[in-house]
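Hi,

Here's the structure I promised to pass on. Have a look at it first, then read my notes below.

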Amino acid sequence: MTTYAPSEIEAKWQAAWADAETFKAVRSEDKPKYYVLEMFPYPSGNLHIGHVRNYTMGDVIARYKLATGHNVLHPMGWDAFGMPAENAAMASGGHPKDWTYANIAHMKSQMLPLGLSLDWTREFATCDPEYYGQQQALFIDFLEKGLIYRKKATVNWDPVDMTVLANEQVIDGKGWRSGAEVERRELVQWFFKISDYSEELLNALDGLDDWPAKVKLMQSNWIGMSRGIEINFERTDGGDPIVCYSTRPDTMRGASFIAVAPDHPVSKALADDNPELAAFVDECRKMDTTEVAMEKAEKKGIDTGIRVKHPVYPDQELPVWIGNFVLMDYGTGAVFGCPAHDQRDLDFARKYDLPVRNAFYMPGEEVEVANEALVPAKSEQVVFIDHFAGIEKVTSQEAIDATIDYFEANGLGKGQTKFRLRDWGLSRQRYWGCPIPIVHCDDCGVVPEAKEKLPVQLPDDVSFDIPGNPLDRHPTWRDCACPSCGKPAKRETDTMDTFVDSSWYFARFTAPRASTPTDIDDAAYWMNVDQYIGGIEHAILHLLYSRFFARAMQMTGHLPQGTEEPFNALFTQGMVTHEIYKTTDKDGRPVYHFPSEVTDGKLADGTKVDIIPSAKMSKSKKNVVDPDEILAKYGADTARWFVLSDSPPERDVEWTASGAEAAYKHLGRVWRIAHEISTSDGGDAAQDEDLLRAMHKTIMDATNGIESFGFNAAIAKLYGFTATLAKSKASVGAKREAAKVLAQLMSPMTPHLSEEVWSLLGEEGLIANAPWPVADESMLVEDTITLPVQVNGKRKSEIAVAADAAKDVVESIALSDEAIQKHLDGATPKKVIVVPGRIVNIVI
RNA sequence: GCCGGUGUGGCGGAAUGGUAGACGCAGGGGAUUCAAAAUCCCCCGCCAGCAAUGGCGUGCCGGUUCGAGUCCGGCCACCGGUACCA
C-alpha cells in the first residue's frame with residue numbers, strides 16, 4: 001500500500017477492536033470509571049451529519065478517557081417510540097414496529113462504519129418489550145408512592161378525524177390532515193407530580209457546576225418561582241368570593257377590573273344560562289392549547305355583569321370579565337387588571353373602555369399613563385400615590401413585600417409562593433408508545449396491572465387506515481381480568497409520552513438486561529453520567545424530566561443515593577443546519593427537496609428552487625444530509641475530522657461539502673509523513689530540540705483542547721504541528737517520536753488512521769489502549785518572548801525581551817524602540833503600562 | 001408574546017479585558033510535469049499608496065477602561081424552547 005486507503009484501514013482496525021473487545025465496558029476497582037453518553041437518536045431512518053458530529057464528540061471524550069486510564073461506559077440505543085412511525089404507517093401502509101426496526105437496522109449499519117468506541121452489547125430500543133415492560137414497572141412503583149395521579153386536562157381535538165392532535169399537527173388552529181377547526185377537549189389523563197419537586201429542582205441547579213449557565217437559567221425560568229399573594233374579592237351579589245393571584249399587589253390602587261379564565265368555575269356557571277357568555281367561552285375553546293398561541297392571540301374579553309368590591313377601597317366596584325388570556329392552570333385562574341402598570345391590561349382597558357389609574361409615578365414625573373404602561377424594573381425607586389400601607393417612595397420590590405405584609409395583617413389575603421412549572425401529563429391517545437399498565441374495573445376502579453403480568457405488550461394486529469388510536473378499536477386487546485378481583489375488566493388504551501422513555505434510559509444502560517428496571521450495584525458503580533452530550537433543544541423538557549425521574553427512581557429504590565442529579569457534566573452541542581430547497585406545486589402548496597436533488601439551485605429537470613436560509617435539519621423540510629456518500633468517498637476518519645474541525649462544538653454548524661476534501665488531504669498527508677519516516681533514516685540531530693519542543697507544546701494544547709471541548713482549536717494546533725513535522729530536518733528518531741505522538745493526539749478524532757500510523761511506526765498493540773502522552777514542562781519554557789507595544793491603545797511595534805525581564809527593563813526597551821520613538825516624536829509619555837508577558841501600552 | 005442564545009474577511013471560524021482575523025475553505029501567483037492530476041512553496045480584511053506607510057474595521061447606537069470582539073445600557077436581525085415533534 002503506497003497511498004492512504006481509508007476503506008482498507010478502517011475495516012481492518014474495526015475488526016481488531018471487535019476482536020479485542022476494546023470498548024466493552026468492564027467494572028473493576030483498580031481504575032476510575034467514566035460514563036460518557038450522547039443523547040440517543042430517534043430512528044428516523046437515516047443517520048444525518050448531525051448525528052455524526054454528536055457521536056464523534058462523545059467518542060473523542062470516550063477514547064481520551066480510555067487512554068487516560070478509565071473504565072469507560074459508552075453505550076448506544078434508540079429512542080424508538082413516537083408519532084413519525086404512526087404517520088409513516090398511515091401514509092404508506094405497513095406497521096410502525098416494522099418501520100421502526102427497519103430504520104434502526106439501517107441506521108446502525110450507517111453508524112458502525114464510523115468506528116465509534118461504543119459498547120454495542122448494551123444496545124436497546126425503547127420499543128423493545130424488555131425495556132418498556134420495566135418502564136411499566138416504574139410506573140406502578142411511582143403510582144404507589146403517590147408520584148402519579150389522574151386529572152382532567154385539555155387536548156387538541158380534531159372533530160373530523162375524531163382524534164387528538166399534537167401541537168405540531170395543529171396549523172393555524174386547524175387539523176393538519178382534515179383542515180377542520182381544532183377544538184379543545186377535556187380528557188381524564190395521568191400526571192407525574194413533578195410540581196412536588198419544583199423547589200428542589202430549582203435549588204439543585206446551583207450544584208450543577210459543569211452544566212452550561214444558559215441551561216440552568218432556562219430551567220430556572222421555566223420552573224419560575226414567584227412570590228405573590230392570593231386576594232379575596234367579595235362579590236356584590238353575595239356569591240363566593242373570587243380569588244385572584246398576583247405577583248404585583250403593590251399596584252392594587254390601579255386595579256380596574258378582574259379577569260377570569262374561560263374555564264374558571266365562575267365562567268362555566270354563567271355560561272350555563274347566558275348564551276352570549278356561552279358563545280364567548282366556546283370561542284375561547286377553539287384556540288389551540290399552546291402557550292405561544294395563547295400569548296399572541298388578540299386579547300379579548302366579555303363583561304359577566306358581576307361586580308366585586310375593591311378590598312382596600314370598598315366603595316370602588318370592579319367589573320368581572322372573562323378574558324381569553326387568563327390561564328386556569330396558573331395561580332387561581334383569576335387576576336386583577338392594573339392597566340397603568342401592565343401593557344396587556346392597558347391594551348385590554350383601552351379596547352373595552354375601562355378606567356386607567358396610576359398606582360405610582362416615577363420620581364419627578366407625575367404623568368398619567370396614556371398608551372404605554374409604566375413598568376419600571378422592580379429595583380427602581382417609584383413614588384406611590386395614596387398608598388394604603390402608608391408607603392410612599394420605595395422600590396417596587398419593597399412595596400410588594402410591604403403590601404403582602406399589610407394584606408396578611410388585615411386579613412385581606414395571604415402570601416403565596418407559586419411555581420410556573422406544571423405537572424407533567426403523560427397520557428397519549430396513540431398506539432406507538434409504552435402502554436400505561438392500568439386496568440379499569442367496574443368494581444375495583446382504576447387498578448395497576450400485576451407486575452408479574454408485565455410487560456403489557458402492544459398488539460401487532462392493528463391497522464392505521466383510519467385516524468384515532470388503534471388500541472381503542474382493537475376487538476380483544478382491551479379485555480383482561482381485573483388484577484384485584486379477577487372479574488372481566490378493560491385495559492387503559494392510552495400510552496405514555498415518549499419523554500418518559502428518554503427519562504431513564506441512561507440508568508438502564510448500566511444494566512440493560514436486568515430483570516428489574518435497574519441493577520442497584522451496577523447503577524452504584526456506573527452512575528452518574530460523567531459527561532452528557534446533546535442538543536440545546538433539550539435544555540428544558542428532557543433534562544428537567546430526567547432530573548425528576550432520577551429523584552423518583554431513587555425514592556422507589558431503583559437508583560442509589562447520590563444520583564439525584566444524574567448528569568454530572570452537560571455539554572450542549574450546536575445543531576447542524578442546512579439551507580432548505582422549496583418549490584411550489586400547482587395548488588400553491590410548498591414542496592421540499594433533498595440537498596442531493598439540487599445542483600446549482602436547480603432540480604434535475606431545470607426547475608429553479610427557492611433557497612430558504614439555513615435552519616435546523618428536519619425530515620419534513622428535507623434539509624438533511626446523508627453521510628453515506630461522504631463515508632464511501634473519504635472514509636470515517638475524514639468525516640469525523642471534518643465535523644469537529646470546522647466549527648466550535650457548542651455552536652450550530654452549517655453543513656458544506658467543500659471542507660471534507662481538505663480534511664481528506666490532511667489525513668493523507670499524515671499517512672505519507674508516517675510512511676516516509678518508517679522507510680528512511682539519518683537526519684540532523686541538531687534539529688531535534690526544536691521539533692520536540694513543538695511536540696510538547698502540541699501535547700499541551702491538544703490535551704487542553706479536548707478537555708475543554710475545544711475540538712476545533714485542538715485540531716488547528718494539530719494542523720500546525722503536522723506542518724512543523726513535515727518541514728523538520730530532525731533525526732528520524734525524533735521524527736518517529738513526533739509522528740507517534742501526533743497519531744496519539746489525533747486518535748480520538750481519527751482512530752483508524754492513528755492505529756495505522758502506530759503500527760507503521762513499529763508499535764505493538766493498539767493505540768486505543770496506549771497511555772495518553774504527557775507534556776514535559778521543561779520543554780515548554782521559553783527564554784525570550786515577543787511583546788506588542790501600543791501607543792494610546794493601538795499597536796505600533798513589537799519588542800523581544802527576556803521572559804523574566806523586570807517591568808522597568810521592558811519599559812525602557814519599549815521606549816527606545818525605533819518605531820515607538822518615531823510615534824512619540826519627542827513627547828514625554830504621560831503613563832506607561834507594562835503587563836508582564838502580555839503587552840506594553842504608552843499613553844501620550 | 002415570553003425565556004435563552006448568536007452576530008468577526010468572499011466563506012467556516014480564532015482570540016484568560018492586552019498584537020483582531022490563528023487554523024481551514026475559496027481565490028491569486030510560483031515550483032514540479034511533455035502535459036495534467038497529485039504534491040510542495042508564497043500571497044490573501046477594506047480604502048489610499050509604486051512602496052515605506054497611513055486611515056478604517058468584530059450587527060447598530062451609546063458608555064466604562066491606559067486598552068473593548070470580550071464588560072455595561074439601549075436597539076436590530078437570526079436561531080432554539082414555549083409543556084402532545086423528538
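To get started: where is M162 found? Look in the loop between β3 (148–158) and β4 (163–165). Keep in mind as you look around that this is a predicted model. M162 isn't a glycine, yet it has a positive phi of about 55°. It counts as exposed because its relative accessible area is 54%, and exposed means over 50%.

E21 is another non-glycine residue with a positive phi, this one about 50°. You'll find E21 in the loop between α1 (6–20) and β1 (33–38). With a relative accessibility of 51%, E21 counts as exposed too.

Next, the cis peptide bonds. One joins L454 and P455, with omega at about 0°. P455 sits in the loop between β21 (445–448) and α13 (470–473). Another cis peptide bond links M527 and N528, and there omega is about 5°. N528 belongs to the loop between α16 (520–526) and β25 (531–535).

Now for a couple of helices. Is H51 buried or exposed? H51 is part of helix α2 (residues 49–67), and it counts as buried because its relative accessibility is 12%, where buried means under 20%. If you skip its neighbours within four places in sequence, H51 is in contact with P41, N46 and M107.

Last one: E398, D401, D405 and E408 form a negative surface patch. E398 lies in helix α12 (residues 396–409), and at 43% relative accessibility E398 counts as partly exposed.

Cheers

Definitions and conventions. Residues are numbered from 1 along each chain as its sequence is written. Chains are lettered from A and ligands numbered from 1 in the order in which they are written. This is a predicted model: local features need pLDDT of at least 70, side-chain atom pairs count only at pLDDT 80 or more; totals for chains, interfaces and linings use all residues. Side-chain values use heavy atoms; hydrogens and water are left out. Patches are made of residues with over 30% relative accessible area and no salt bridge: like charges are joined within 9 Å, nonpolar side chains (Val, Leu, Ile, Met, Phe, Trp, Tyr) within 5 Å. Accessible areas come from the Shrake-Rupley method with a 1.4 Å probe; for residues, only the protein chains shown count as cover. A salt bridge is a side-chain nitrogen of Lys or Arg within 4 Å of a carboxyl oxygen of Asp or Glu. Lys and Arg count as positive and Asp and Glu as negative; His and the chain ends are not counted. The place of a charge is taken as NZ of Lys, CZ of Arg, CG of Asp or CD of Glu. Helices (H or I, at least four residues) and strands (E, at least two) are DSSP runs, numbered from the N terminus. Buried means under 20% relative accessible area, exposed over 50%, partly exposed in between (1.4 Å probe, protein chains only). Contact means heavy atoms within 4.5 Å.
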